[in-house]
Amino acid sequence: MLDINLIRQHPEEIAGMLKKRRQAEDSSKVDELLELDAERRRLIKRSDEMKAVRNRVSREIAVIKRSGQGSADELILEMKDVADEIGSMDETISRIERQTEAILLVLPNRLHPDVPEGSSADDNVVYREPVSFGRTPDFNVTNHLDLGNRLGILDFERGAKITGSGFPVYTGKGAKLERALLNFMLDYHTEKHGYTEVFPPFMVNEDSLRGTGNWPKFADQVYYMNEDKLYAIPTAEVPVTNLHRDEMLKDEQLPLSYAAYSACFRREAGSYGKDTRGFLRVHQFNKVEMVKFTRPEASYDALEEILQNAEAILKALEIPYRVLLLCSGDISASAAKCYDIEVWSPAEKKYLEASSCSNFEDYQARRANIRFKPAGSSKPAYVHTLNGSGLATSRLMVSLLENYQTPEGTVTVPEALRKYTGFDVIG
RNA sequence: GGAGGAUUAGCAUAAUUGGUAAUGCAGCAGUCUUGAAAACUGCCGGGCUAACGCCCUUGGGGGUUCGAGUCCCUCAUCCUCCGCCA
C-alpha cells in the first residue's frame, strides 16, 4: 500500500510509475484518490470543530449535573442536534475512507530506478549469465513426465484421480528425492545462511492475505474454504511475513531472516492449456521460502543476499540456471524490484522459473502494520520486507531429472543430496 | 460444542452510581555538567492545521446516551473448567 501523503505530494511520480508498469489507465484512480482525499480533509475539519463543541458543552453539562444547581435540559437538547449532525458527517467520512482504502489496496508499489522499462516477460534483462556446471546432457533427454512415469517416481494420473489435474503424487524414490531436496535446502539456509526455520500454518485468514498484497487483487488465484473463511496459502511468504503483523519490532532485532517450508496452493485460473504438462504448471507444489525484515536503508543489500542464498542452492546441486531482472511490465504489483531465477530444462529446451526474489520496501509493512523504532529516534517507522524462493521444488525437479539423466535412462542423484536420499541412482 | 474470566500506548499497571483515559518503566530531544549519572522540561498511536491548537484512539464491528474503558449486541483472540476427538 502506498502512503496517501506521498500520492498527495507527488501525484506525478505515481502516474509515471503506473505508466512504466504499463497500467497508465489506472492513473484515473490517482485523480479519484486526490479528490476523495481533499473531500475527506474538508469534512474532517468541520466534523472536528463540531466535536470540539460537543466535548466542551458535555463538560459543562457534567459540571451542572454534579453541582445540582440549575438545569442542563436545554444544553442536552442542543447537543442532540449536534450529535445527529456529527453522526451523519462521520458516516460520510467513513464511506470516503472505505473508497480510498479500496483504491489504495489495488494500486501497485513504487518501482526501484534499476527496474528496466518493458511491457512483457520478453523485456526482462539477463542479470546473471547462464551457469551450466558443464553437465548439460549431449543426448536426447526424456522429459520429466515420461521419465517420472517410467521410473515409477511420479504419478500425475492418480493425483488427478484423487484430487484433480495439477496435484502431483510422488512415489518411492520420487517421494524421498522430494523430501531430500526440501531438507537439504532448509538445512543449507539455516546452517550456512543464518536463517531461522519456521514451520507455518498452510491456511491463513483474510487479514494475512491482505498484508502481503495477495488480497483483494489476486483473491481469485487463491483456494478459499468458505465454511471457515480461510485461504490455502499460495506461498509461505504469506504466513511468515504475517508473523509480525501489527507488531512493533525492536531496532536491535533487525534484520530478521526466516526460512520456511510449505506446500503452496495456486488455482492458476485462466492459464489452462499453456505450458501445463507435468510440473510445468501445478496447483500444489513444495517450496522453501526465505523472508527478511530489514531497516529501510538495508533492504537492497538484503535483496542481493537473498538472491545469492537461492543461487547457492543451485550451485551446490549443480543445476544450470540464469538470473533475470524483471522489467516494469512483468514485475508483480507488490514488488519494487525483483529477480527471477530460471533453471534449464534440456527436454523443453527453455528456462523455467524456479525462484522469485523481491524487495517490497514498505508496501507490505504498511498493509500489515509492521513497524520498528529506529535507533536514535522516538517515532515508529515501517520496516522493509523481502522474500525469495529458495527454491520451489517442482521446476527444480524437472531440471534435476533431465540434467542428471544418463544415456541409459537412469537418474544420478546430485552429490549434495545423497546423504539425504540414502541412494545415489534412480532406476 | 458448552460455562466462566480476560483484552487499555513498546512493556507493565489504574480509572466511584456512565462525566470525557491516570501512572510507572523503556526510548528520543533539551536544560544542567569537564564528561557521565541523577534531577528537571518536552516528546514518545493516528489525523486536521502555516501555526496556536483541535479531533480521534481502551481487541474488531455495531447500538443506547448530551456524554461509554464503564451499559447492551456481535465477532476475534487468550486463560480456566466441561464435553468431543487424531
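In which loop does N369 lie? N369 sits in the loop between helix 11 and strand 12 (370-373), where helices (H or I, at least four residues) and strands (E, at least two) are DSSP runs numbered from the N terminus. Keep that residue in mind while we walk through the rest of the structure.

First, some ground rules. This is a predicted model, in which local features need pLDDT of at least 70, side-chain atom pairs count only at pLDDT 80 or more, and totals for chains, interfaces and linings use all residues. Residues are numbered from 1 along each chain as its sequence is written, while chains are lettered from A and ligands numbered from 1 in the order in which they are written.

Let's begin with the whole of chain A. Its C-alpha trace spans about 105 × 45 × 40 Å along its principal axes, and the chain holds 13 helices and 16 strands. Of its 427 residues, 37% count as buried. A residue is buried if 20 or more other C-beta atoms lie within 10 Å of its own, exposed if 12 or fewer, and partly exposed in between, with C-beta atoms placed from the backbone. Among contacts in chain A with a separation of 6 or more, 73% join residues 24 or more positions apart; two residues are in contact if their C-beta atoms, placed from the backbone, lie within 7 Å.

The chain is divided into domain 1 (4-106) and domain 2 (121-426), with bounds that come from an automatic or database domain assignment. The centres of domain 1 and domain 2, taken over C-alpha atoms, are 43 Å apart. Five residues of domain 1 are in contact with four residues of domain 2. On the domain 1 side, the touching residues are two nonpolar, no polar and three charged. Here Ala, Val, Leu, Ile, Met, Phe, Trp, Tyr, Cys and Pro count as nonpolar, Asp, Glu, Lys and Arg as charged, and the others, Gly among them, as polar.

Now look for RNA strand B. It is surrounded by 23 residues, and the closest are K51, A52, S58, M79 and S378; a residue is near a molecule or strand if its C-beta atom, placed from the backbone, lies within 6 Å of it. Helix 3 (27-67) and helix 4 (73-106) are the elements that give two or more residues to this surface. Helix 3 gives the most, with 13 residues. By type, the surface near RNA strand B divides into nine nonpolar, five polar and nine charged residues.

Leaving aside neighbours within four places in sequence, L391 is in contact with residues including A310, I313 and L396.

Helix 10 (residues 299-317) deserves a visit of its own. It has 19 residues and reaches 28 Å from its first C-alpha to its last, close to the 27 Å expected at 1.5 Å a residue; that expected span is 1.5 Å times one less than the number of residues. Its buried residues include A302, I306, A310 and I313. The buried residues of helix 10 pack against helix 7 (173-192) and strands including strand 8 (284-294) and strand 14 (384-392). Just after the helix, E318 takes a positive phi of about 55 degrees.

E361 has a positive phi of about 50 degrees although it is not a glycine, and its place is in the loop between strand 11 and helix 11 (363-368). E361 counts as buried because it has 24 C-beta neighbours inside 10 Å. Back at N369, phi is near 55 degrees, a positive value in a residue other than glycine. N369 is partly exposed because 15 other C-beta atoms lie within 10 Å.

Finally, find two cis peptide bonds. The bond from W215 to P216 is cis, with omega near 5 degrees, and P216 lies in the loop between helix 8 (206-212) and strand 4 (224-225). The bond from L254 to P255 is also cis, with omega near -5 degrees, and P255 is found in the loop between strand 6 (247-250) and strand 7 (256-265).
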